[in-house]
Amino acid sequence: MGRDTRRTRLVLVLLLLTALTLVMLDDRTSGGGPIGHVRSAVADVLGPVQAGVSAAVRPVTGLVDDLRELGAKDEQISRLEAENRQLRQDAATRENDLRRLAEYDALARQPTVRRFPDVAARVTALSRAQGFTTTASLDVGSQDGVRDDTTVINGDGLVGRVKGTARSTSTVLLATDPDFVARVRVGSTGATGFVEGQGEGKPLALTIYDTEPLEPGTALVTVGSVGDGPLVADVLVGRVADVRRAPGTLTTRATVTPAVDFAHLDTVAVVLPGEREARGSVPAATPGASPAAGRRQAGAGPARTPGTRAAG
């Protein structure tokens with residue numbers, strides 16, 4: 001057994017020396033010499049075989065790679081398709097969103113909204129005036145604080161008044177309805193009269209008694225009602241269009257172009273009972289008083305009138 005071990009070691013040493021010799025010869029010849037010729041001969045023989053094997057195997061390896069990436073590509077395609085659908089939906093609704101935003105902005109700038117509490121609403125349906133009343137349905141009702149005989153406006157002016165309320169919906173009698181009558185004031189002269197609806201798509205009818213002539217384009221606003229119901233004051237109703245006045249009388253009749261586009265009603269506000277709470281006012285400056293003294297005076301509460309006693 002010991003002799004076999006020595007023989008094995010001797011063979012390994014000879015093989016190692018042979019390998020080192022071949023490496024040195026190969027390095028010195030740099031592609032030439034007998035080793036280089038042998039290597040070139042082997043390359044010439046095995047090269048075409050290797051190329052053929054690579055060409056034959058390449059489709060198989062490519063197919064394996066494609067199958068491996070197929071799942072990832074399907075997920076990417078699904079994600080891109082979902083993003084494309086979302087982008088198309090956003091583009092389709094963008095104009096509607098911009099229009100609604102403009103309507104909310106106009107509504108927020110209404111003086112009536114700044115004065116009275118209100119609830120914003122959307123018109124869910126418009127009735128057609130073919131022998132019926134001209135009304136609009138809103139998506140707010142009694143649970144939102146809406147009551148009958150309250151004013152409805154939008155960013156342009158007077159829409160109508162609430163004539164029926166359910167828990168979550170309400171019905172508005174539009175200003176164009178023949179049953180709608182409102183007392184109005186001429187903005188330029190202060191004279192008062194009445195406007196009446198004449199049906200959908202038609203101008204309002206104005207009747208006024210005044211010595212002053214009425215000019216086309218004159219603005220008309222609501223006079224308002226006792227207790228602010230059904231109409232609050234100073235809401236734009238429309239502008240005078242055609243004026244007719246009989247000679248020798250004080251009665252002027254005119255048609256009025258409504259301030260509101262009733263065919264495209266969407267965002268409105270229902271005026272709620274009560275006054276909106278006023279914001280804190282800035283105390284008046286006292287000549288010679290320092291800003292710190294002004295702040296102390298503002299924090300001391302309302303000034304007492306001389307000769308009066310504090311309550312309590």
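Let's begin at Asp 234, which is exposed because its relative accessibility is 52%; exposed here means over 50% relative accessible area, buried means under 20%, and partly exposed is in between, with a 1.4 Å probe and protein chains only. Asp 234 sits in the loop between β9 and β10, and it has a positive phi of about 70 degrees although it isn't a glycine. Asp 149 also has a positive phi, near 55 degrees, again in a residue other than glycine. You'll find Asp 149 in the loop between β2 and β3 (151–153). Asp 149 counts as partly exposed because its relative accessibility is 39%.

A quick word on what you're looking at: this is a predicted model, where local features need pLDDT of at least 70 and side-chain atom pairs count only at pLDDT 80 or more, while totals for chains, interfaces and linings use all residues. Residues are numbered from 1 along each chain as its sequence is written, and side-chain values use heavy atoms, with hydrogens and water left out.

So what does the whole protein hold? There are four helices and 12 strands, taken as DSSP runs (H or I, at least four residues, for helices; E, at least two, for strands) and numbered from the N terminus. Buried residues make up 25% of the 312 residues.

Now the barrels. Which strands close up with β6? The order is β6-β7-β8-β11-β10-β9, a closed barrel of six strands with antiparallel pairing. The twist there averages 40 degrees from one strand to the next; the axes are lines fitted to C-alpha atoms, for helices over the stretch in contact, and angles run from 0 to 180 degrees between N-to-C directions. Two strands count as paired if DSSP finds at least two bridges between them.

Strand β6 (residues 181–186) pairs with β9 (residues 219–222) over three bridges, antiparallel, and Val 186 has Leu 220 in β9 as its bridge partner. From β9 we step on to β10 (residues 236–245), again antiparallel and again over three bridges. Here Leu 220 stands opposite Gly 238.

A cavity, on a 1 Å grid over the protein atoms alone, is a set of points where a 1.4 Å probe fits but cannot get out; a pocket is an open set with protein on both sides within 12 Å along at least five of seven lines, and lining residues have an atom within 4 Å of a point. The largest cavity has a volume of about 50 Å³, the space filled by probe spheres set on grid points joined across faces, edges and corners.

There's another barrel too: β1-β2-β5-β4-β3-β12, six strands, antiparallel pairing. In it, three bridges join β1 (residues 118–126) to β2 (residues 135–138), and Val 123 has Leu 138 as its bridge partner.

Last stop, the second largest pocket, with about 170 Å³ of space. Its lining includes Glu 103, Asn 154 and His 264, and helix α2 (residues 33–108) gives the most to that lining, with three residues.
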